[in-house]
Amino acid sequence: MFYVLPNPHAIAEYLSNLLVQKIQENPKLVLGLATGSTMEPIYAAFVVQAKQLGLNLNDIVTFNLDEYIGLAPEHPQSYHHYMQTHLFKPAGIRQEQVSLPSGMCRDVELECVNYSKKIQAAGGLDFQLLGIGTNGHIGFNEPGTPFSSLTHVVDLSENTRRDNGRFFEDKSQVPTQAITMGIEDIMSAKEVVLVATGSHKAEVMAKLFETAIDEDMPASIIKSHDNFKIIVDQAAAELL
Ligand code: GLP
C-alpha cells in the first residue's frame with residue numbers, strides 16, 4: 001500500500017503511533033531499524049510518546065540494517081553512534097537488546113553469516129523500518145544486489161558515497177564498504193515499512209512506483225511483500 005502524508009512531522013506521528021501499538025500488542029517485538037535523516041523525526045516522536053505512556057521497552061529486540069566497515073561504534077558518523085544518539089539512549093533501550101553489524105570485526109564474512117543467523121535465532125523480524133537511497137538502495141543493498149542475498153559486504157556506489165558525504169567533513173572520509181542485511185533478510189520480516197521524505201526523493205519514488213520488481217531498483221522488491229507500506233510526504237510524492 002502507498003500512503004501520502006502531508007509532511008515529515010505527520011509521518012513521524014503516524015509511525016510513532018504504529019510502533020507504540022505494535023509494542024503494546026507484543027512487548028517482545030523484534031524490530032528491524034534503519035538510520036539516515038528520514039528516521040530522525042520518527043525516532044524523536046517515538047521517544048517522546050514512549051516516555052509519556054511509560055511504554056515498556058525492556059523486552060523488545062532490535063536489529064539494525066547496516067554499518068560502515070572501518071568505523072568504530074564511538075565514531076560520530078557510525079550507525080552505532082547514530083542509534084545511541086537518536087533512539088537507544090533517549091528511550092533507555094539497553095545494549096543487550098540491540099544488534100548492529102560490527103564495522104570493526106576481524107572476519108567480516110563470519111560477521112555477516114552470524115548476523116543473519118542471529119536474526120533467525122531471534123525468531124525473525126516482526127517489523128522492518130526502511131529508508132531509501134536516491135538510487136533505490138535499501139539498507140546498503142545497492143542496485144544489482146540479488147534479491148536472494150543475506151547479510152553481506154558491499155562496495156558502496158559513488159552515488160551513495162556522494163549522498164552520505166553530507167554527514168562527513170569531506171566525501172573522502174566516507175567509507176568505501178559497509179555490511180548490510182541482505183534483501184532476503186529484509187523480506188523475511190513479517191511487515192515492512194519504507195519511508196521517503198523530501199523533494200530529493202521524488203525522482204526515486206516515481207521510479208519505484210512505475211518500475212516492475214527489478215534487482216536494479218532494490219526497493220521494488222517490497223511491492224511483492226504480503227504486508228508492506230510505502231509512506232511518502234507530499235514533497236517526495238510530487239512526481240507520482
Ligand atoms: C543510508 C542508509 C539507508 C538509508 C539511506 C537514506 O544509505 N544505509 O538505510 O535509507 O541512507 O538516508 P536518508 O534518510 O538520510 O536520506
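Ala 50 sits in helix α2, residues 40–53. Helices here are DSSP runs of H or I with at least four residues, strands are runs of E with at least two, and both are numbered from the N terminus. The model is a predicted one: local features need pLDDT of at least 70, side-chain atom pairs count only at pLDDT 80 or more, and totals for chains, interfaces and linings use all residues. Residues are numbered from 1 along each chain as its sequence is written.

Is Ala 50 buried or exposed? Ala 50 is buried, because 21 other C-beta atoms lie within 10 Å. The scale is simple: 20 or more other C-beta atoms within 10 Å of a residue's own make it buried, 12 or fewer make it exposed, and anything in between is partly exposed, with C-beta atoms placed from the backbone. Beyond four places in sequence, Ala 50 touches Val 20, Leu 55, Leu 57 and Ala 91. Contact means that two C-beta atoms, placed from the backbone, lie within 7 Å. Ile 23 is 27 residues from Ala 50 along the chain, and their C-alpha atoms are 10.0 Å apart.

Now widen the view. The chain holds seven helices and 10 strands. Of its 240 residues, 42% count as buried. Among contacts with a separation of 6 or more, 79% join residues 24 or more positions apart. The C-alpha trace spans about 45 × 45 × 35 Å along its principal axes. A compact globule of 240 residues would have a radius of gyration near 18 Å, and the chain agrees with 17 Å. That radius is taken over C-alpha atoms, and the globule rule is 2.2 Å times the number of residues to the power 0.38.

Next, the sheet. Seven strands form an open sheet in the order β1-β10-β9-β6-β2-β3-β5, with parallel pairing. The edges are β1 (2–5) and β5 (98–99); each has a single partner strand, so one side of each lacks a neighbour in the sheet. Strands of a sheet pair through backbone hydrogen bonds, either parallel or antiparallel. Here, two strands count as paired if DSSP finds at least two bridges between them. Strands β9 (residues 192–196) and β10 (residues 228–233) pair in the parallel sense over five bridges. Within this pair, Val 193 stands opposite Lys 229 in β10.

Gln 234 is partly exposed, because it has 15 C-beta neighbours inside 10 Å. Which residues does Gln 234 touch, not counting residues up to four places away in sequence? They are Val 4, Pro 6 and Asn 7. Pro 143 is 91 residues from Gln 234 along the chain, with 25 Å between their C-alpha atoms.

The loop between β6 and β7 gives two further stops. Thr 134 has 16 other C-beta atoms within 10 Å, so it is partly exposed. Leaving aside neighbours within four places in sequence, its contacts are Asn 159, Asp 163, His 200, Lys 201 and Val 204. Leu 150 also lies in the loop between β6 (127–130) and β7 (152–155). With 18 C-beta neighbours inside 10 Å, Leu 150 counts as partly exposed. Leu 150 is in contact with Ser 116, Gly 182, Glu 184 and Asp 185, again leaving aside neighbours within four places. Its C-alpha atom is 26 Å from that of Ile 23, 127 residues away along the chain.

The ligand comes next. Which residues come nearest to the ligand, of the 14 around it? Ala 34, Gly 36, Ser 37, Thr 38 and Gly 131 do. By class, the shell has four nonpolar, nine polar and one charged residues. Ala, Val, Leu, Ile, Met, Phe, Trp, Tyr, Cys and Pro count as nonpolar; Asp, Glu, Lys and Arg as charged; the others, Gly among them, as polar.

Finally, the record. An unreviewed UniProt entry places the feature "domain: Glucosamine/galactosamine-6-phosphate isomerase" at residues 9–225. Over residues 9–225 the chain is 36% helix and 14% strand, and the end C-alpha atoms are 26 Å apart.

How values were computed
Near = placed C-beta within 6 Å. UniProt positions renumbered as here; feature names shortened; annotations may be inferred.
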